[in-house]
Amino acid sequence: INPSLFYSKFPTFDYGEVWQENDKEKFPRLDMVKAGKWLMLRKGDVPNSRASPWSNQSKLVNSPEYIPNIAKVIYGVTVYHKIRSHYLLSNFYVRTSSSNMYGNSVGVGFFGRHGICIDDKSLEDRGFGNCGVSSIRD
C-alpha cells in the first residue's frame, strides 16, 4: 500500500520497466496474505541457509515452519518496520516460495531507508553469501 517502502530502481533489460510489474509475472497478483490470520515470520534467515542453492535451503525448513510467499514476507517486514522503526533483512536477501516467469526463486531483502528490494535468483545461485531462506509459522 505504501510505495515509498519499495526500492524500484531495477528496470529489466528485456522490457525497460520494473520487472515485477511485467504482465507476464504472475506472483505479484497471485501471492497473497490471508486476512485475520496470525503469521510468525522469522526475523532473519533460516540458520545456515546462506550461500546455498535452493535445493539445500529448502531442506532446512521443517514443519511447523514453511517457506512463505513473497507477499507474506513483505507484509511481515514492512509492518514490523512501521511498528518498531527497525529494518529487518537490512543487509541480506531471503528466498521465498514465490517464483518468476522463468522459474527463478523470488527473494526480498536489503530493506533500508531507500526501501525493500525484490530480486530473483536462479535455483542454483548461492547468492554470494548474502542470500538465505525465509520461514514462517501460521
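Reader: Among contacts in the protein between residues at least 6 apart in sequence, what share joins residues at least 24 apart?

Author: This is a predicted model, in which local features need pLDDT of at least 70 and side-chain atom pairs count only at pLDDT 80 or more, while totals for chains, interfaces and linings use all residues. Residues are numbered from 1 along each chain as its sequence is written, and side-chain values use heavy atoms, with hydrogens and water left out. A contact means heavy atoms within 4.5 Å. Of the contacts between residues at least 6 apart in sequence, the share that joins residues at least 24 apart is 66%.

Reader: In what order do the elements of the protein run from the N terminus on?

Author: Helices (H or I, at least four residues) and strands (E, at least two) are DSSP runs, numbered from the N terminus. The protein has three helices and six strands. Read from the N terminus, their order is α-β-α-α-β-β-β-β-β.

Reader: What percentage of the 138 residues is buried?

Author: A residue is buried under 20% relative accessible area, exposed over 50%, and partly exposed in between (1.4 Å probe, protein chains only). By that rule, the buried part of the 138 residues is 41%.

Reader: How many residues of strand S3 are buried?

Author: Strand S3 covers residues 105-112, eight in number. The strand is mostly covered, and its count of buried residues is six.

Reader: How many bridges join S3 to S4?

Author: Two strands pair if DSSP finds at least two bridges between them. S3 and S4 run antiparallel and form a hairpin with two residues between them. Val106 has Asp120 in S4 as its bridge partner. The number of bridges from S3 to S4 is six.

Reader: Which residue in the turn between S2 and S3 has a positive phi?

Author: Strand S2 (residues 93-99) runs antiparallel to S3, and four bridges join the two. S2 and S3 form a hairpin with five residues between them, and the residue in the turn with a positive phi, about 85°, is Gly103.

Reader: With which side chain does the side chain of Asn104 make a polar contact?

Author: Asn104 is in the loop between S2 and S3 and is buried, at 18% relative accessibility. Leaving aside residues up to four places away in sequence, Asn104 touches Ser98, Ser99, Asp120, Lys121 and Ser122. A polar contact is a pair of N or O atoms within 3.5 Å; within protein, one must be able to donate a hydrogen and the other to accept it, and residues adjacent in sequence count only if both atoms are side-chain atoms. At 3.3 Å, the side chain of Asn104 makes such a contact with that of Asp120.

Reader: Is Lys121 buried or exposed?

Author: Lys121 is placed in strand S4 (residues 115-121). Its side chain meets that of Asp119 in a salt bridge (3.4 Å, N to O), the term for a side-chain nitrogen of Lys or Arg within 4 Å of a carboxyl oxygen of Asp or Glu. Asp119 is partly exposed, with a relative accessible area of 22%. Because the relative accessible area of Lys121 is 10%, Lys121 is buried.

Reader: Why can such side chains pair at all?

Author: Side chains of opposite charge can pair when their charged atoms come close. In the salt bridge of Arg50 and Asp45, the closest N and O atoms are 2.6 Å apart.

Reader: How many residues apart in sequence are the parts that Asp138 and Lys37 tie together?

Author: A search of the whole structure finds four salt bridges. One of them joins Asp138 and Lys37, with the closest N and O atoms 3.7 Å apart. Asp138 lies in the segment after strand S6 (136-137) and Lys37 in the loop between helix H1 (27-30) and strand S1 (40-41), so the parts tied together are apart in sequence by 101 residues.

Reader: Which residues make the nonpolar surface patch of about 300 Å²?

Author: Patches are made of residues with over 30% relative accessible area and no salt bridge: like charges are joined within 9 Å, nonpolar side chains (Val, Leu, Ile, Met, Phe, Trp, Tyr) within 5 Å. Ile83, in helix H3 (residues 70-84), counts as exposed at 63% relative accessibility. The patch of about 300 Å² is made by Tyr75, Val79 and Ile83.

Definitions and conventions. Areas by Shrake-Rupley, 256 points an atom, 1.4 Å probe, with all protein chains shown as cover.
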